[in-house]
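Colleague: I am new to reading protein models. Could you walk me through one, feature by feature?

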Amino acid sequence: MKLCILDNDILEGELAEKYTSFGAMFIRLFDSVGAHWTYDVFTTQLGQYPASYDSYDAVLLTGSESDSFSDAAWVVELRRQVSLLLTARKKMIGVCFGHQLIGLCLGAPVSRAPQGWGSGRMVYNWHRPDLPYCADRTQFALLASHQDQVLALPAGATLLASSGFCPVAAFTVGEDVLCVQAHPEFDTGFSQHLLDEQRRRMGEETYAALSNGLQAGHEGQHIARLVVAFVESTTSKA
């Protein structure tokens, strides 16, 4: 299997030194759950895209500090590319910003979350115990960092996960699209760094609660196994 990763951010400083990039984090995540894949990573902010998607079994869109509804030239181009991929029914995985951008291209409303930032470890209700590795599961805990949300399911989508904070936390569209708001590729060190950066904004009480909450762990690898099963299932009509 061959995965195209459209990396939608550029890490800097300490994060770049430790984690390299979101693309590299996803490669490590999928390798850790036994995916025997090959990968190509393209930095969309630099205008990098494959000449053709034909050789890829799926395309993954990473997170980003930017807004999926931005008028920035690189985001407009990314939406154009994603719309073409959706029309071609290429298998796609969207994470955080990628989840929002795919939702937007499918006609879903996306905007700032009225309840503010979602940060740290969050627990989501799970609605599809029939999916691989999900038998008897009613909840998943994942790491998140976002201020935008998909506000309603796009037409034809099926809800996978939700919470009181994030009603559309994950969805699928047939066998072609799988999107999740949280970050299965994060580890607790990455999340802690983000919390440290936002400490002044959130205040000491919230900061302490979210930092302590990270100690309970998360299930990013479990969601990664689900993504692997999704990609390796019957190929879409791309």
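Modeller: Start with one cut-off: a residue counts as buried when its relative accessible area is under 20%. Keep in mind that this is a predicted model.

Colleague: Is T44 buried or exposed?

Modeller: T44 has 1% relative accessibility, so T44 counts as buried. T44 sits in the loop between β2 and β3 (58–61).

Colleague: Which residues is T44 in contact with, leaving aside its neighbours within four places in sequence?

Modeller: T44 then contacts L6, D7, N8, Y49, W74 and L78.

Colleague: Where does L11 lie?

Modeller: L11 is in the loop between β1 (2–7) and α1 (13–19). Its relative accessible area is 13%, so L11 is buried. Leave aside the neighbours within four places in sequence, and L11 is in contact with A16, Y19, T20, S21, F22, M25 and F190.

Colleague: How far apart are the C-alpha atoms of L11 and R28?

Modeller: They are separated by 16 Å, and the two residues are 17 apart along the chain.

Colleague: Now the sheet. How do I read one?

Modeller: Strands of a sheet pair through backbone hydrogen bonds, either parallel or antiparallel. Here nine strands form an open sheet with mixed pairing. Follow the order β2-β1-β3-β4-β11-β10-β9-β6-β7.

Colleague: Which are the edge strands?

Modeller: They are β2 (38–43) and β7 (139–146), and each pairs on one side only.

Colleague: In which sense do β6 and β7 pair?

Modeller: Strand β6 (residues 118–126) pairs with β7 in the antiparallel sense, over eight bridges.

Colleague: Over how many bridges does β10 pair with β9, and over how many with β11?

Modeller: Strand β9 (residues 158–162) and β10 pair over three bridges, in the antiparallel sense. A161 stands opposite A170 there. β10 and strand β11 (residues 177–180) are also paired in the antiparallel sense, over four bridges. F171 has C179 in β11 as its bridge partner.

Colleague: How many residues lie between β10 and β11 in their hairpin?

Modeller: Three, and G174 in that turn has a positive phi of about 55°.

Colleague: Next, helices. How do I describe a packed pair?

Modeller: Two packed helices are described by the angle between their axes and the distance between the axes. Take helix α2 (residues 22–32) with α8. Their angle is about 85° and their axes are 9 Å apart. α2 and α8 are therefore roughly perpendicular to each other.

Colleague: Which residues of α2 and α8 meet?

Modeller: L29, F30 and S32 in α2 meet G220, Q221, A224, V227 and V228 in α8. By class, that contact of α2 with α8 has five nonpolar, three polar and no charged residues.

Colleague: Which residues of α2 are buried?

Modeller: They are F22, G23, A24, M25, F26, L29 and F30. After α2 comes G34, with a positive phi near 85°.

Colleague: At what angle do α5 and α7 pack?

Modeller: Helix α5 (residues 188–197) and helix α7 (residues 204–213) pack at about 180°, with their axes 10 Å apart. That makes α5 roughly antiparallel to α7. Q192, L195 and D196 of α5 make the contact with Y207, L210 and S211 of α7. By class, the contact has three nonpolar, two polar and one charged residues.

Colleague: Last, the core. How many residues does the largest nonpolar core have?

Modeller: It has 37 residues, and those with the most contacts inside it are L3, F30, W37, I93, Y124 and W126. Helix α8 (residues 220–232) gives the largest share of this core, seven residues. Apart from it lies another core, of 27 residues, among them C4, W74, V82 and V177.

Colleague: What does L3 touch, not counting residues up to four places away in sequence?

Modeller: L3 touches F30, W37, T38, Y39, D40, Y56, A58, V59, L60 and I93.

Key. Residues numbered from 1 in each chain as written. Predicted model: local features only at pLDDT ≥ 70, side-chain atom pairs only at ≥ 80, totals over all residues. Heavy atoms only, no water. Core = buried A, V, L, I, M, F, W, Y, C linked by side-chain atoms within 4.5 Å. Buried < 20%, exposed > 50% of the residue type's maximum accessible area, 1.4 Å probe, protein only. Helix = DSSP H or I, 4+ residues; strand = E, 2+ residues; numbered from the N terminus. Contact = heavy atoms within 4.5 Å. Pairing = 2+ DSSP bridges. Axes fitted to C-alpha atoms, helices over the stretch in contact; angles between N-to-C directions. Parallel < 35°, antiparallel > 145°, perpendicular 65-115°, else oblique. Nonpolar A, V, L, I, M, F, W, Y, C, P; charged D, E, K, R; others polar.
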